[in-house]
Amino acid sequence: MTDLTKYRNIGIFAHVDAGKTTTTERILKLTGKIHKLGEVHDGAATTDFMDQERERGITIQSAATTCFWKDHRFNIIDTPGHVDFTIEVYRSLKVLDGGVGVFCGSGGVEPQSETNWRYANDSKVARIIYVNKLDRIGADFYRVVDQVKNVLAARPLVMTLPIGIEDDFKGVIDLLNMKAWIWDESGDPLNYEIVDIPEAYKAKAEEYRAELVETAVEQDDDLMEKYLEGEEPSIEDLKRCIRKGTIHLDFFPTFCGSSFKNKGVQLVLDGVVDYLPSPTEVNPQPEVDLEGNETGKFAIVDPNGPLRALAFKIMDDRFGALTFMRVYTGKMNKGDTVMNTFTGKTERIGRIVEMHADSREERDSAQAGDIVAVVGMKNVQTGHTLADPKNPATLEPMVFPEPVISIAIAPKDKASAEKMGIAIGKMIAEDPSFRVETDEDSGETIIKGMGELHLDIKVDILKRTHGIEVNVGKPQVAYRETITQRTEDSYTHKKQTGGSGQFAKIDYVIEPGEPGSGFEFESKVTGGNVPREFWPAVEKGFRESTAKGVLAGFPCLDFKVILMDGAFHAVDSSAVAYEIAARAAYRQTMPKAGPQLLEPIMKVDVFTPDDHVGDVIGDLNRRRGMIQGQESGPTGVRIKAECPLSEMFGYIGDLRTMTSGRGQFSMEFAHYSACPKNVADDVIKEVQEREAKK
């Protein structure tokens, strides 16, 4: 039996370029998993194994790996930092027990760090903070600690202080043991000495040590009393308190170092062992029945319980489809038959493998607390639960955001057309934020995703991984429609031919809803003028019509239909008749209700050197952007704005031109907002021209 208290399922997450993958490489080196360090900027990092990752120097897929430190087993997931791939972070956090949030010593708390932090809060994941890159120009550990407090509204508990900064960064002060770790300049992480704290740093270390102790003893009333009476708590007691506070998300132990220069990573690993929870210490996942209602039961981490495993990632590689799973409770053996509670079908567990980036080790079984991959599962998708067929239950499923951008693609030759269908099927299974549909009128394949880079990478994967050349259309924005006026109306559907006819009359009100409310339906019919059994048919008719708005055929949202009255015929009325009446009523009334086009607005975060701020702000204003604020840092200015997605295509090229290649930006979907009339007219005209061509 494995001792689960020695397991740590952790993820490493951060903004692009804060050094997540480099930190993971250092951890693998220190734990003896790899012997030669691979660098991201050389395209040789172990966990960046896709061609696209190596070329661009960014992480796209989350990679899983296992290693050991001080007889504890770490299952580590290195997640992407780029905003277009946040779905990878979200689903990884869903199955982790703890996380390491990496922040850049000079960049500080950047936009993607905020999004990831929010996801981690939603999933209630305990975290420690690691402020990396303190050897860089403009690095300032204390400024980043302040940003964690102010920007993330989190409480950092400083565990180590830097000795020197930028080029003079030599080592760190361990505040718990009041010792200094000094590394030499050889770059070997093992070449360090533990010495007394240098005189120049003693006062600061004392101040932060006192703060650490005061924060920690808040977790234990008895210790608190003794401390107030002047008794210093032992190191063991302090560790116990810090662990308790970390697991309860009261504070986040904060470490510092430079992964690239191999300084400070050991203390982060010790922090993972000492403060992050084992699988048995986190809140168990709630179970829901097959209808989706909570049962009140929880998947408690117990190898002897009924099997509950969540598929959180699907990856296709040269050996076939790999399904990554977190086993929450029970045991899974090679050859077992398990039930997929989403499809209601059973699946056979073929080979179970433990992943190390893209290499693997075979296993005969996996048990509660493990993160493993299973080869050759047929119909399992991200978010599905695998359970014991005799005792099925579903774990809370994952919810994925809607795509905001789409492009049309077409294979360049006939041979590619057949291959493309299979390849796209695999890509959808791997990435739930990637959607594909076929335009019924034109027969074009439309791919949808979270941003330009997201779709760019998908086209690249089609070309390189699957050998399919495609022609790519220009990006299309996912517009929506809504209404602005309350309108009362009536519609009668009557069809009298030989035999039984069809009759349905409805009186209704259509009114605008709150932003984000979607479609709502209510019936106020009294006296049986429209019998109760036909209300769902009326609702269905309206609901299904919302897929196509009256202005330009975009989905219609944020409005409410109230069924006021109507009439029925004892023989001719039927559910079908009322559904047809509702569909026709939608087409009749929506044009009268002040229809309006909505466009996706993006939260844009731009970093620019000081001397280009005016140009960048002027350019954002020209793109109909609303500047929300700006923040000066040591190396430049961060500008926060909200901009319509339609104005942001190709922005990265323009930004680089304006800032001599030094500007960076990220954006994510914020909300839908009404389109100005001139923009709406252009969009409607374009749609009409497209329709006319078909």
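Mentor: A nonpolar core is a set of buried Ala, Val, Leu, Ile, Met, Phe, Trp, Tyr and Cys residues joined through side-chain atoms within 4.5 Å. Buried means under 20% relative accessible area, exposed means over 50%, and partly exposed is in between, with a 1.4 Å probe and protein chains only. This is a predicted model, in which local features need pLDDT of at least 70 and side-chain atom pairs count only at pLDDT 80 or more, while totals for chains, interfaces and linings use all residues. Residues are numbered from 1 along each chain as its sequence is written, and side-chain values use heavy atoms, with hydrogens and water left out.

Trainee: Which residues touch the most other members of the largest nonpolar core?

Mentor: They are Phe74, Val100 and Ile242, in a core of 85 residues. Helix H9 (residues 265-275) gives the most to this core, namely 7 residues. Helices (H or I, at least four residues) and strands (E, at least two) are DSSP runs numbered from the N terminus.

Trainee: Why is this core said to lie between domain 1 and domain 2?

Mentor: Domain 1 (4-275) and domain 2 (285-395) both give residues to the core, so it lies between them. The domain bounds come from an automatic or database domain assignment. A second, separate core has 46 residues, including Leu455 and Met648.

Trainee: What is isoleucine 242 in contact with, beyond its neighbours within four places in sequence?

Mentor: Contact means heavy atoms within 4.5 Å. Among the partners of isoleucine 242 are Leu157, Met159, Phe251 and Tyr275.

Trainee: Why is the pair of tryptophan 117 and phenylalanine 252 called edge-to-face?

Mentor: Rings of Phe, Tyr and Trp (its six-membered ring) pair if their centres lie within 6.5 Å; planes under 30 degrees apart count as stacked, over 60 as edge-to-face and the rest as tilted. Here the centres are 4.9 Å apart and the planes are at 70 degrees, so the pair is edge-to-face. Tryptophan 117 lies in helix H4 (residues 111-122) and phenylalanine 252 in strand S11 (residues 252-256), so the pair ties together parts 135 residues apart in sequence. Tryptophan 117 and phenylalanine 252 are both buried. Ring pairs also link Phe103, Trp117 and Phe252 into a cluster.

Trainee: What makes arginine 127 count as lying over the face of tryptophan 117?

Mentor: A charge sits over a ring if NZ of Lys or CZ of Arg is within 6 Å of the ring centre and within 35 degrees of the ring normal. Arginine 127 meets the distance limit at 4.3 Å from the ring centre. The charged end of lysine 458 sits over the ring of phenylalanine 434, 5.3 Å from its centre.

Trainee: Why is strand S27 described as largely enclosed?

Mentor: In S27 (residues 445-449), 4 of the 5 residues are buried, so the strand is largely enclosed by the rest of the structure.

Trainee: How do you know that S25 and S27 pair, and in which sense do they run?

Mentor: Two strands pair if DSSP finds at least two bridges between them. Strand S25 (residues 405-411) and S27 are joined by 5 bridges and run antiparallel. Isoleucine 409 has threonine 445 in S27 as its bridge partner. Strand S26 (residues 435-438) is also antiparallel to S27, with 4 bridges, and valine 436 is partnered there by isoleucine 447.
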